[in-house]
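Please read them alongside the coordinates.

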Amino acid sequence: MNKIIIAIDGYSSSGKSTMARDLAKRIGYVYVDSGAMYRAVTLYAIEHGMASAEKGVDTEALVKALPEINISFTPAGADGVQHTLLNGKDVEREIRDMQVSSLVSPVAVIPEVRHRQTALQQQYGREKGIVMDGRDIGTTVFPDAEMKVFVNASAEERARRRVKELTDKGEKVTYEEVLENIRERDHIDTTRKESPLRKAPDAVLLDNDNMTIAQQMQWLLDLYHSKCPE
């Protein structure tokens with residue numbers, strides 16, 4: 001069977017990473033979390049004093065540092081999760097916290113950051129057989145992807161999911177601060193000049209507001225099999 005590229009785009013906390021990872025596992029494809037790549041760059045900027053809630057992002061310093069930022073992924077381990085490595089260090093937990101979440105969109109709008117990450121992402125897809133999720137995968141990174149999905153859910157539902165995810169990890173957050181963060185990220189993602197978040201004309205819309213994980217997976221598998229009949 002010929003392998004294809006599957007691009008899953010959508011809003012923050014819409015569940016696209018979970019479904020992309022699970023779909024890749026089900027069909028034997030490689031999964032790449034493009035959002036984790038931007039989060040890793042953001043974490044680097046925070047740790048090196050280039051980004052903070054008070055001062056924002058020092059774009060000039062971060063752009064100069066980009067050649068020093070190496071991002072890679074481990075194979076999925078016993079927990080079924082592919083971990084993100086920043087310059088060889090496992091930062092999977094650190095890149096998911098609220099500090100990174102609050103600064104990742106301002107970092108991701110920087111053209112030089114996007115160009116570098118896009119080039120790296122395109123390298124991953126050379127052999128096809130890949131599932132990648134993000135904000136501009138089907139529009140910029142892989143405009144010719146054979147299967148494109150755009151995921152949406154209400155900001156309120158996404159905030160509820162995000163609060164549960166963070167509290168399950170032991171983080172103390174409030175629904176109000178998470179909802180505000182999601183709405184701010186939505187605005188930045190959809191209005192940025194460089195590769196804004198939008199549905200590709202040939203992407204299939206998945207509104208998962210009222211869908212279970214099992215229902216989402218069946219929906220994705222049905223779409224995949226329509227693209228790659230056995």
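1. Which residues of the largest nonpolar core touch the most other members? They are Val41, Leu62, Ile69, Leu86 and Val113, in a core of 36 residues. A nonpolar core here is a set of buried Ala, Val, Leu, Ile, Met, Phe, Trp, Tyr and Cys residues joined through side-chain atoms within 4.5 Å, with buried meaning under 20% relative accessible area (1.4 Å probe, protein chains only).

2. The model is predicted: local features need pLDDT of at least 70, side-chain atom pairs count only at pLDDT 80 or more, and totals for chains, interfaces and linings use all residues. Residues are numbered from 1 along each chain as its sequence is written, and side-chain values use heavy atoms, with hydrogens and water left out.

3. Among the elements that each supply at least two residues of this core are strand E1 (5-10), helix H3 (59-65) and helix H4 (98-108). Helix H2 gives the largest share, 9 residues. Helices (H or I, at least four residues) and strands (E, at least two) are DSSP runs numbered from the N terminus.

4. Leaving aside residues up to four places away in sequence, Val41 touches Leu62, Leu66, Ile69, Ile71, Val107, Val113 and Gln117; contact means heavy atoms within 4.5 Å. A second, separate core has 21 residues, including Ile4, Met147, Val149 and Leu223.

5. The axes of H1 (residues 16-27) and H9 (residues 213-227) come within 10 Å and cross at roughly 55°; axes are lines fitted to C-alpha atoms over the stretch in contact, and angles run from 0 to 180 degrees between N-to-C directions. The contact is made by Met19, Asp22, Leu23, Arg26 and Ile27 of H1 and Gln216, Met217, Leu220, Leu221 and Tyr224 of H9.

Definitions and conventions
Buried < 20%, exposed > 50% of the residue type's maximum accessible area, 1.4 Å probe, protein only.
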